[in-house]
Number of protein chains: 4
Amino acid sequence: MQLTSDGAHGIIAAAQDRAAALGVAVNVAVLDAGGHLKAFDRMDGAVLGSIDLALRKAKTAVLFACDSEAVWDYCRPGAPAHALELSNGGLAPFGGGVALTDAAGGLIGAVGVSGGAVDQDLEIARAAAAALPR
Amino acid sequence: MQLTSDGAHGIIAAAQDRAAALGVAVNVAVLDAGGHLKAFDRMDGAVLGSIDLALRKAKTAVLFACDSEAVWDYCRPGAPAHALELSNGGLAPFGGGVALTDAAGGLIGAVGVSGGAVDQDLEIARAAAAALPR
Amino acid sequence: MQLTSDGAHGIIAAAQDRAAALGVAVNVAVLDAGGHLKAFDRMDGAVLGSIDLALRKAKTAVLFACDSEAVWDYCRPGAPAHALELSNGGLAPFGGGVALTDAAGGLIGAVGVSGGAVDQDLEIARAAAAALPR
Amino acid sequence: MQLTSDGAHGIIAAAQDRAAALGVAVNVAVLDAGGHLKAFDRMDGAVLGSIDLALRKAKTAVLFACDSEAVWDYCRPGAPAHALELSNGGLAPFGGGVALTDAAGGLIGAVGVSGGAVDQDLEIARAAAAALPR
């Protein structure tokens with residue numbers, strides 16, 4: 001299955017619904033399975049520094065086919081892959097990037113959310129990913 | 001006046017309507033007055049190389065407060081600003097980037113379109129910019 | 001309100017007055033609300049490595065609409081946003097970048113100071129920001 | 001002789017006086033002999049894309065110890081150094097960057113001006129360089 005515009009729009013809408021419910025303004029980035037930008041939206045009032053973070057979280061998730069914070073297990077102090085976060089132009093190994101998979105478990109892209117606190121971004125990204133029709 | 005999400009969405013919808021009428025799939029990027037990404041959408045089927053071009057055309061337009069192809073008058077062979085296109089991380093001095101202005105003529109951002117032939121991209125970008133409520 | 005040249009010059013003058021009182025030579029960078037350079041000045045004797053730091057502190061402040069050292073609360077060891085400092089081309093999450101706001105609280109830019117000890121840079125940046133007419 | 005803050009400020013003031021006389025808003029960048037930023041000022045209304053151009057013209061002048069447009073003689077079509085303009089992170093081989101020399105002819109820096117037409121930028125940069133006390 002390939003990520004479509006309809007799918008991407010549904011993901012963004014679900015993210016923004018959850019963000020509005022939480023009272024935060026976020027950036028939402030949707031990448032395809034190749035890590036290429038499919039859709040992006042910045043809610044009015046979201047800080048500028050979070051544009052790059054939303055993109056980077058989604059990139060981290062799609063490149064490693066996992067949620068962005070899982071990458072931290074490899075590069076945190078004492079873990080075996082020191083400085084992994086410097087690869088690929090810089091990763092964002094913290095919450096808010098969620099891999100998107102189809103019904104068969106195939107990777108079709110990722111969504112990245114930034115603008116709230118990390119746990120809010122994570123909650124929003126999960127709600128967004130769950131909106132993907134399967 | 002500041003560019004809002006509503007304004008950005010209207011611009012993208014108008015661009016995609018015109019692209020559909022022309023039978024091409026394009027990328028549309030909307031930047032704010034500071035050149036920061038506000039919204040982006042890639043239609044299904046648009047080539048990957050056009051993602052960067054849509055972003056770059058919009059950047060060219062907003063940084064020089066003019067349409068992207070106007071920059072070519074400065075850097076084409078024989079013109080006075082050779083290699084101007086190497087500045088600002090690389091410009092796209094050809095059609096498809098249109099500056100967005102408010103009713104008072106103030107710069108509020110730019111739209112960049114890429115995916116069709118250059119004249120199609122330009123037509124789509126102009127139709128998109130015209131959709132901005134003033 | 002937009003940051004003007006008069007405002008930027010007042011900020012730089014206040015920074016240099018304070019730096020002179022402290023006996024240190026600093027770089028002072030003033031960015032507008034979009035993170036674009038408005039004015040910069042390097043006092044005679046300031047170290048070269050601080051040029052980039054002054055610019056980067058100001059960028060950090062304006063992109064996250066806060067003082068630069070506040071970003072450290074997100075990315076220090078044990079904090080939730082590991083490697084946040086790698087985003088946006090590299091942040092400077094320590095003292096010396098101060099967001100500039102107008103009387104209504106709107107973000108209009110940032111000032112970044114580097115060249116002294118971090119607490120001196122911070123004191124100078126705060127004195128500089130306080131000089132902005134409101 | 002080393003470029004001082006007083007010298008840099010005199011250069012910027014002279015540039016802005018000439019720009020005002022010509023009715024254009026420009027960016028002025030002053031670099032030292034090592035190509036490091038000494039002072040920068042953006043007049044209100046100057047386009048954002050010219051910030052990088054002012055810096056790049058000054059860099060071109062100081063790196064090759066000549067005025068920026070002289071570099072074009074080496075890299076224009078038919079000249080021996082094709083693509084020279086791609087070196088050093090990208091040069092600006094057109095008018096508006098002027099090398100600064102002391103009374104003994106030693107290179108002490110460069111000034112770069114951008115924001116007007118190329119011939120205006122060049123006139124402003126020359127007026128600025130002439131203001132350097134010797």
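What rotation superposes chain A on chain B? I looked this up first. The model is predicted, so local features need pLDDT of at least 70, side-chain atom pairs count only at pLDDT 80 or more, and totals for chains, interfaces and linings use all residues. Residues are numbered from 1 along each chain as its sequence is written, chains are lettered from A and ligands numbered from 1 in the order written, and side-chain values use heavy atoms, without hydrogens and water.

**Entry: the axis**
I got a rotation of 179 degrees, with 0.0 Å of shift along its axis and an RMSD of 0.1 Å. Superposing is by least squares on the C-alpha atoms of residues with pLDDT of at least 70 in both copies. That is how a two-fold axis relates them. In chain A, Phe40(A) has the C-alpha nearest the axis, 2.4 Å from it. Both copies use the same surface: 100% of chain A's contact residues (contact is heavy atoms within 4.5 Å) recur in chain B.

**Entry: the cores**
Next I checked the nonpolar cores, sets of buried Ala, Val, Leu, Ile, Met, Phe, Trp, Tyr and Cys joined through side-chain atoms within 4.5 Å. Buried is under 20% relative accessible area, exposed over 50%, partly exposed in between (1.4 Å probe, protein chains only). The largest core has 64 residues, and Leu84(B) and Leu84(C) touch the most other members. Beyond neighbours within four places in sequence, Leu84(C) contacts residues including Leu53(A), Phe94(A) and Tyr74(C). Another core, of 24 residues, lies apart and includes Val30(B) and Met43(B).

**Entry: His9(B)**
I found His9(B) partly exposed, at 34% relative accessibility. His9(B) and Ala99(B) are 90 residues apart in sequence and 16 Å apart in space, C-alpha to C-alpha.
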